[in-house]
Amino acid sequence: MNGLQISYFEASARKRLSELVDAGSLVEFCPPEMRQTSPHLAMLDAPLAFDDGVVTGRASLSGHKVLVAAQEGRFNGGAVGEVHGAKIRGLLDRALSERPTAVLLLIDSGGVRLHEANAGLIAISEIMRAVLRVQAAGIPVFALVGGSCGAFGGMGIVTRLCTEVVMSEQGRLGLSGPEVIETVKGVEEFDSRDRALVWRITGGKLRRALGEATLLVDDLIPAFRTAAVSLIERYRAHPPVPADLDELLGVQAELTERSARFAAARDGREIWANTFAEASRVPEMTVAEFNIQLGEAA
Amino acid sequence: MNGETMFDRLFGAGAHALTTEGLFLCGTARIGAQDVAVVGTRDHAAIDGTIALRIAEAVLHVVRDDAAGGKPPRPIVFIADTQGQALSRHEELLGLNGYFAHIVRCVDLARRRGHRLLTVISGEAVSGGFLAYGLMADRICALPNSQVRVMDLRAMSRVTKISLERLEELAKRSPVFAPGAENYWRMGGIHEIWSEEGDWSECMATALSHAANSDDRAAIGLERGGRLLSAPTAQIVASS
């Protein structure tokens, strides 16, 4: 099989990881053999996973030591429960003592796991604080978003706390999923079955145009790998420093301006019209063409 | 309880100067002899981009003003009363998660600059609205009768296809999924629940003196028996 053809979107968490990092370099922490499963799912007679839906470990990436976590979207939508969340937080804690070149979070999650919602919500809050601690220690945290569940709920906030966010066009990023909004507010507010609309609201090209994703790549595992390697090289020379007052006042001004400029916007087309000369062609552009045009618009 | 009565009980009558702007509120108050800044929401606010920006801005201004005035960093009291994030296509389009992440970074800046952070849950604390700032504090306290949850059991039953009767039965034994400040207390997500009879301004002063800037919630959840796997699992991954 030609490795170049492997879709990130279609692959399992383990497949993504094994193709992303240097061959054979992954050492897993709290592996499935340890059977650290969720007692809360068991109590509700729901299916279990021996890794509770997330792989955590150490690997090398182009020779650099990295710590990695990969959520499995096929298990409970990658949702965060007590064990799942504790594994990610433990990995971030480990980064403080082990000092890898970077931490990679392969996020594929709808957010909190409802079967253990309280534990999941607290866990995500702990992950948020841990991501900030790791960055404050000068270690970059990169979010990779290209799976079928995207990055939603609290994991959508975690993603935006990361140093960089790499997305594919198929990746989705947001807070409330379209299904939730449709259920509560009605189909006229958000038709979750209109796939093109969903992608224009939450997808990689929209997020990249707004600057929420910092890199847009093809839906191929090697493309994510190349992006991660380039980020590692960049941050080796310039480790992240926590945001200071001036930087955050700048973000405040930027978001205030965004809210004012797009005060009535309800469709990604309105954002693209503001950025691209040929806005109507954005959905059909290749990633390479999109990136070139975005660069020219900047 | 209306806002004024509640703030009188929290800070003492005449010891607070708060302004409200829609569902957002901010201002200054005193806890004992200590000046504090107050930032929050009321009436079960659904947090949208506009409110998120007001919260973030208020935190940044406290940090800026204290630094500019050469004053010791004041504690910040977050009043959390939120039904969660606003549910709308417009908010999602603009990236409400990113607005929330901005609040989180501002709160983190305040912590790093030495501001102690205290949350008082009054009314409701739900999901994303709670994650955005209330859950980020050093010490999290709940007023009596406050509601804390991700989703009510009826909705959870629909989504998980588990009968409501079964969920209600299991919720008697486990704090892990059912709404309730008590459940969050057992899991370490809430440090204190205050009583109706208590002296809340005294509670405020004590809570503030206990506010530490390390994240101790997993250890507390273990100690209280509500979250037995979080701390040990994180430990396995952190040091195996």
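Modeller: Start with a cut-off. Buried means under 20% relative accessible area, exposed means over 50%, and partly exposed lies in between. This is a predicted model.

Biologist: Why is Glu169(A) called partly exposed?

Modeller: Its relative accessible area is 24%. That value falls between 20% and 50%, so Glu169(A) is partly exposed.

Biologist: What makes the pair Lys205(A) and Glu169(A) a salt bridge?

Modeller: Their closest N and O atoms are 3.2 Å apart. The cut-off is 4 Å, between a side-chain nitrogen of Lys or Arg and a carboxyl oxygen of Asp or Glu. The pair is therefore within the limit. Lys205(A) sits in helix α8 (residues 204–210) of chain A, and Glu169(A) in the loop between β6 (164–168) and α6 (178–185), so the bridge ties together parts 36 residues apart in sequence.

Biologist: Is Lys205(A) buried or exposed?

Modeller: Buried. Its relative accessibility is 4%, and the limit for buried is under 20%.

Biologist: How do you know that Arg200(A) and Asp267(A) meet in a salt bridge?

Modeller: The N to O distance is 2.7 Å. The rule asks for within 4 Å, so the pair passes. This bridge links distant parts of the chain, 67 residues apart. Arg200(A) lies in helix α7 (residues 195–202) of chain A, and Asp267(A) in the loop between α10 (245–261) and α11 (268–275). Arg200(A) is at 11% relative accessibility, and Asp267(A) is at 10%. Under 20% is buried, so Arg200(A) and Asp267(A) both count as such.

Biologist: What area do chain B and chain A bury between them?

Modeller: About 6,600 Å², 65% of it on carbon and sulfur atoms. The contact takes 73 residues from chain B and 81 residues from chain A.

Biologist: Why is Arg89(A) called buried?

Modeller: Its relative accessible area is 9%, which is under 20%, so Arg89(A) is buried. It lies in helix α3 (residues 82–98) of chain A. The residues Arg89(A) touches include Glu126(A), Ala218(B) and Ser230(B). Arg89(A), Asp93(A), Glu126(A), Arg133(A) and Arg227(B) are linked in a network of salt bridges.

Biologist: What makes the phi of Cys30(A) worth a look?

Modeller: Most residues other than glycine have a negative phi. Cys30(A) is not a glycine, yet its phi is positive, about 50 degrees. Asn145(B) also has a positive phi, about 70 degrees, and is not a glycine.

Biologist: Where do Cys30(A) and Asn145(B) lie?

Modeller: Cys30(A) is in the loop between β1 (27–29) and α2 (39–43) of chain A. Asn145(B) is in the loop between β7 (139–142) and β8 (147–149) of chain B. Cys30(A) is at 2% relative accessibility, so it counts as buried. Asn145(B) has 68%, which is over 50%, so it is exposed.

How values were computed:
Residues numbered from 1 in each chain as written. Chains lettered and ligands numbered in written order. Predicted model: local features only at pLDDT ≥ 70, side-chain atom pairs only at ≥ 80, totals over all residues. Heavy atoms only, no water. Contact = heavy atoms within 4.5 Å. Buried area = accessible area lost by both parts, 1.4 Å probe. Helix = DSSP H or I, 4+ residues; strand = E, 2+ residues; numbered from the N terminus. Buried < 20%, exposed > 50% of the residue type's maximum accessible area, 1.4 Å probe, protein only. Lists of a residue's contacts leave out its neighbours within four places in sequence.
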